[in-house]
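Here is a short briefing to read alongside the sequence and the model. Please keep the viewer open as you go through the points.

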Amino acid sequence: MPNPWLELSTWPFQRTASYKLLLTELGLVDADKPYVEVRDDCARQHRSPAVELRLDGPGGRTLWPLLTFTQGALILACLPLVEAPPEPRPPLPSLASVSQGLALLSGLQDFLCGPGGKPEPDVLASRLAALPSVLLQVCPLGRPLDTPPPAGSVPAAVAPSPGGAQKQPAWKAGVHRGRVVVSVALTEKVRSMQYGKSSQQDIWDVYGMVMCKCEVEGVLPNVSVTLTLPPNGSPLQDILVHPCVTSLDASILTACSVDENDCSAFSGPYKFPFSPPLELFRLCSYTSQVPMPPILGSYQLKAEENHLKANVVLKLHESVKNSFEYYEAHIPFFNQNLMGSVEVKVSSGQLEVSKEKSLLVWVLGQKFPKSREAALEGTVHFSGTVAGPTDPLCTGLTAYIKLYFRVADAVFRYCRVDQHSVQVYSSAKPRIVTTRELVSSEYYIWNSTGDAPVSLKI
Amino acid sequence: MTIADLWDQRISAFLLSPSQFLATTSTESFLAELLHELRNDKTNDQLKVTKTLLVSVLLEHPTILCPSASVGEETALELLSVFSHTPQKSIVLKCNVMLAITNVIICTSCLNTHTKTAEDWLDLLFQMIQDINDYRCGLSQQPIRATACDCLREMETCSPGLLSQKLEALYLLKQQETTVLHQSYCLLYTLGLKNAIRILTNQKDVTDLEFKSILGGNEGFAWKSNQLELTSLPINMLVQVPRLTQGLDCKDLKSIMSLLLEESYLLMPISQSALLRELVEVVAMVPGLSRTLFKSQLLRLFGTADVSLMHATLFMKDTFTDSLFTTEDENFLLKRLVGMAQHPLLRITEKLFYMECILHFPENRPISSSGEESLPVLVTPRLAAFLHPTVFNDSATMLCRLNLLCLVHLEANEGEADKGIGFLFDHIMALLKIVDNDGSREVVVTSLRALFIFLMHFSGMEELSEKLIDKLCDMYSRHSRLAPNLIGLADRIQEHPRPSLVGQVAKRLTIHNLSWHLKVLKRVAKEGQITQRNTIYLLLNVLINSNLCERGNWQVGNAVLAVYRNLLDHPSIDQVFIELADLLQYISIQYDDTDIKDHARIYYTLLTNLSWEKLTGVLAKRLDGGRAKEPAQSSSESVEATGEVRNWLEVYQGQFQTPGFGSEVTLRYNLTHAKETDPLFDKVFTICLHFEPKDSNYAKVTDIHVPCVFRDRKSPEVKVKLKPFQPYPTSLCVSAMFTTQDGRSWHSRLPDVSVSFPEIFLPLPLPPNSSRECREQVFERIWEATASGNSDKSAISLFCFKPEDKSLADLIKTHFQGYLITDQQSERSWKVLLFLPPKCHILLKITQAEDAAQVSIATDNRELLPFLNSNRWLNRCFAGVHLHRSF
């Protein structure tokens, strides 16, 4: 037998039985039918990355482990080779091909969808057309060797490398020729759930990533990036590094978010020596527990006769630069009729009622007032007869505000990366560009007078 | 259409269903055409694309196109010549042809049987990979060389040991190659090395010289080593890792390994993970190699963001346990896995995979080594708390986390567990609250899955499960559309003696959404521990106080009867006996549908005349819709009994593949003169009869030509061939055109021809010489298929009567002579099959009891039942008296 590590079909698969089963499994057909036994049986294990398709109904032949990635209308699937007797079913982690399949599918997804994730139809079509030859290259005879290059990542000014004395890394198709430029971008995202109640603890955390693009000459040039923390800064946890990082200090990896009583607290500097690939890549990522969220908020919503009374206060933490690229607070109303009259005052910024009449958008603009505090107060009437959007969570007084903001050139926890923290071992003098930003992600402030869904950890 | 388009179409058709495609042509001719097109010398870009497509067919389906080794060898030879004639610059095509040749040679066992072609191909491949750093052929030919390495690696994988005598040559090539291709050489060499050592482990008392000779091998291909079929299984799948003898000199091997590890960094992550796995296997097999070789790589691997590298690290952990990983390492690795399973920057599928890895974490000191699933002891409630499910998780993540947490709390100490289970319980309640607010399918299904997982683990905690069930009942009273989900859940937790979910639900039923409720009640009636009083009162209430009976809907009636069917063999039926009898009698009189009335009457009779034991016996054997198990058992028995006997049903159904088979009914008529007509019409000539079906259930009838009709001669026979789409009674308008003796043409309207229901019957269309056994088998199979209720069009009905004047046997003979399948007068039972074109069946099982005859009717087209029932055709056949009158 040949050794097809992964069955890959790039031909029209639409009318085959397996395809129909897959669509059923993913809930993409018969979506309007509330109960389809093969799909909705409560005992079907729907909690693994691998799907099982029963080709001949219950008790019949099965296709397992089918890995699937769905993005928009695109479904990527592969069937890793099971190098073991099928019964008893081997645990997924005992199969080498599973992680390779996952890596291949991630790569294919990046290749097809590009960095934005939503390619134009004609762009997607041309990438799909290139798929067979890409697969031939990265997965000949069904055995993955590599992941396809992410779409649009082909760097300029690259010369093919002739066989020299030094071995060329397989992940670097050539060498860079020209000016030496290293760009390092640090992005931190902050998440929060604030309840405004003594019975429910507020939670927040930060995660960050360092993206690099290095145009450096040589087959295996050495570059290093060092992240530093201010004194008493909380350590970077769960650090994950790109495979091009050559070595790591053990202390860098010790901090882990699941270690509650971690007193050993190594607080940097975090040095990442690496030899860069040609394309843009994520050098490292981390999570972090910070003592305070950048913005503290309170939200009180009360029902009075036929209207709702809202009271919001937002307070910017003193450590955050008071200069936003954008800052908005969205106040949605679910399971209500559409909004009628809105009598709401804001102490700063301006208030907009969305076209859909179900959402208030409080645009705080670029700056908080000097007091670093902003407030909103007023009543909202729902006089319309047309029902607004529904949400299963937000019933009664269960309601939230979601914050959207971005602070450029500032990192909340002062995790620093600047020109001095980048070292390039190169004969030419390098140009080093560093940027940093803080962006909100899943930042919720729940109404303190209503029930809020519990989240022990985000 | 261009040739390219034509091939595009054909190849798509082939790939969609090779067997269907090849049924229209032969494999040989298709293969010949493919190869012929590939040999086509013309080259343009369009043709290159087409050729690549053609090669991909051979690449994906070599065994279909080359069914034997000889065809395989010929094809490989052909492809070799295609390869050598393809111009240098058609790189993609050349690479594809190379892969196709390799695949054909492997799949048709040319490789295993050591054919000349395989040998030539191997030699050619090996020659290609000699061109290190593209000195000879140039950079443009690099992909060819990469493909040659891939092909060799594939052949080594499928024939382990093939390269075992060439390791020195491969090592040198790997060392000298400095372009990106060194990855291919590196993987090829490592695989060859691992297989060579694996083969050596089968040998007793390996000497230093033998051991060294594998590293220094520079000979031909080792054709005979493929006796080791299992060598391709990775070591974690083996019960015992094969090992070389102790005390061998491993100095050279050690330095080779160190170098490979050092350079592993230069490989792509996926290839790197494959390389690491091979190296782990080598170290596991050679006792002289220290596991600490890997130490230098561990930190780099612990920190990796790449899923395949992390997975390879866990493989290393699994293989070497405490000989490479300290307790701290182990704790650290597990914590990292937990951290990664919730890392905001990883993909959901990766996180799900890491959760699987936590469940199967390879501990240094596992509690059970039997391989059965048990949670690693290191996964403590405190650690797992970080993976607590929340309502914000996507479905798969939430279920995965919940399952993990349930397992953890099952194992935990009491105090800790109670708190944890409390949290999980709150989570489930939160989910059910969401279901209550929003019934989107995914939310409902996910929440019930979560509930199921919880109940499976904590079924012993009665208080919690009762609360959950209360909540479910409460929800059902508001959202009756949850019925199928709840029935599914009830079925699944059946094995666990829980306070019955369905019983609780039954208390909340109301008149709204009756069809859902009837389904629930049907299921409730199967619960032996639940008294059925509520069900019966509810139904009584519904039937008497609504217009259900007047509406006479067959489906609703059937659903009501299905509840009764289950009630009849309920163990505590005696408690509600009178009410049930009342109800059945009420339906049998009031329900405005004959079939439902008849059914109700039978149930009534059975209920009032038989003891409970007999009743359940009868229900299990006779009546339709019985317990699911019974039909399954009987069908498996019949399969066993028939053993190797041909499956006549398949033969029967196979006939319908022939277009037009069994689609026509021929009706014969005599064409005669009307009683009194003008003498001018005594002799008419060239008559053309034209038929017009009055409905759309029949195909157009072709005109019939009759040469002449003379009043004083015998009237000619006319055969009207009807082709029903739906075999319902119909009538046809008939008109005639004809000429009289004086040469004039006439047009006349003839009386309509009506086609009655029995006229459409045909005997079972089997070849005339078919045995009785065969006909019986077909009958039984169709009966089973119909009775199983799998198709929504099938139906089962029952009819009882008391034969009056004639004996039952005579009646059957009169009406069903041509359709009898069996006629066992001695046992007083008959089987009748009525075939109705295009492919409908009505099956009758007629049995005679002491004073009544019973006709069980099965049909695969429910629409036909009214013609049997409403027109009382069966009644007329048997001049029957209804059962309820005879009792």
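**Where the two chains meet**

Asp110(A) and Arg347(B) make a salt bridge, their closest N and O atoms lying 3.0 Å apart; the term stands for a side-chain nitrogen of Lys or Arg within 4 Å of a carboxyl oxygen of Asp or Glu. This is a predicted model, in which local features need pLDDT of at least 70 and side-chain atom pairs pLDDT 80 or more, while totals for chains, interfaces and linings use all residues. Residues are numbered from 1 along each chain as its sequence is written, chains are lettered from A in the order in which they are written, and side-chain values use heavy atoms, leaving out hydrogens and water.

**The interface in numbers**

- Between chain A and chain B the count is four salt bridges.
- There are also 26 residue pairs in polar contact between chain A and chain B, both residues being at pLDDT 80 or more; such a contact is a pair of N or O atoms within 3.5 Å, where within protein one must be able to donate a hydrogen and the other to accept it, and residues adjacent in sequence count only if both atoms are side-chain atoms.
- The side of chain A that touches chain B takes its largest share, 10 residues, from α3(A) (helices are DSSP runs of H or I, at least four residues, and strands runs of E, at least two, numbered from the N terminus).
- In contact (heavy atoms within 4.5 Å) are 102 residues of chain A and 101 residues of chain B.
- Together the chains bury about 8900 Å², with 64% of it on carbon and sulfur atoms; this is the accessible area (1.4 Å probe) lost on putting the two parts together, summed over both.
- Arg47(A), Leu141(A) and Lys167(A) supply 10% of the area that chain A buries against chain B, more than any other three residues.

**Chain A as a whole**

- Five helices and 22 strands make up the count for chain A.
- Of its 458 residues, 52% count as buried (under 20% relative accessible area, with exposed over 50% and partly exposed in between, using a 1.4 Å probe and protein chains only).

- Helix α12 (residues 208-215) of chain B has Phe211(B), Ile214(B) and Leu215(B) as its buried residues.
- These residues are on the same side of α12(B) because they cover an arc of only 105° around the axis, taken from the directions from the helix axis to the C-beta atoms.
- Cys708(B) sits in strand β3 (residues 704-710) of chain B, and counts as partly exposed because its relative accessibility is 28%.
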